[in-house]
Amino acid sequence: MVYLINILVILLAITAIKLALISIFFYADIRAAQKRDPAAKSFFEVILLYPGLHALIYYRIAHVFYVMKLFFLARLLSQMGRFFTGIEIHPGAKIGKRFFIDHGLGVVIGETAIVGDDVLLYQGSTLGGTGIVQGKRHPTVGNNVVIGAGAKVLGNIVIGDNSYIGANAVVVKDVPPNSTVVGIPGRITKQDGKKMDTNLDHARILDPIMQTIEELQDRVKELENK
């Protein structure tokens, strides 16, 4: 009985140390999750229950091994992270500060992807390649970018700072800063050079196809009146 109690105490101590280390080294990412997700009730809820944070922890460790050219070990850790979280982040990707994946299932980030600071990804989004070419073949995402659920950003393209990629959009061309992209293929709607709101107010997203249709309708009415 005493032996089992000692084992339990040791396991609790190890768990407490792990939580403390995560709290220290991933403090900014945890706070970013709390800020972006109104469902996050506490600091420790994010640590214990958010798969996006868990995937990021696996990635950060795997990336160290990748930089050290221990590629097999790096990939092993990344696949463990994928198994436990449903999120696949290649250890070769470069990810900035305060990165947050909300919900997360089905997110894929490729080997040569570069992600800036304060980026928010939703479930099912992909930063992928478009072929078997060598070298840089995945997107570069700027700072303060939001990529909506199911969006696909593909190829060696650049997504400018403060941009918003709408849900299920397919983006294969560069996106200037302060832009909204929606549709398949992705179409750009600029937001007057203003910084995008990263709270994902979908009611404010402009659909360029609907804008074109409305403009045509207005033009038809104008011609009819003449």
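Predicted model: local features only at pLDDT ≥ 70, side-chain atom pairs only at ≥ 80, totals over all residues.
Local features were taken only at pLDDT of at least 70 and side-chain atom pairs only at pLDDT 80 or more, while totals for chains, interfaces and linings use all residues. Numbering runs from 1 along each chain as its sequence is written, and side-chain values use heavy atoms, with hydrogens and water left out.

Helix α4 covers residues 51-67; helices here are DSSP runs (H or I, at least four residues) and strands likewise (E, at least two), numbered from the N terminus. Its 17 residues should span 24 Å at 1.5 Å a residue, the expected span being 1.5 Å times one less than the number of residues. The end C-alpha atoms do sit 24 Å apart, so the two values agree. Buried positions in α4 include Leu53, Leu56, Ile57, Tyr59 and Tyr66 (buried: under 20% relative accessible area; exposed: over 50%; partly exposed in between; 1.4 Å probe, protein chains only). Just after α4, lysine 69 adopts a positive phi of about 65°.

Helix α3 (residues 43-49) holds isoleucine 47, which counts as buried because its relative accessibility is 3%. Its C-alpha atom lies 9.9 Å from that of aspartate 29, 18 residues away along the chain.

Threonine 112 belongs to the loop between β4 (108-109) and β5 (114-115) and is buried at 17% relative accessible area. Leaving aside residues up to four places away in sequence, threonine 112 touches Gly135, Lys136, Arg137, His138 and Pro139 (contact: heavy atoms within 4.5 Å). With histidine 138, there is also a side-chain to side-chain polar contact at 2.7 Å (a pair of N or O atoms within 3.5 Å; within protein, one must be able to donate a hydrogen and the other to accept it, and residues adjacent in sequence count only if both atoms are side-chain atoms).
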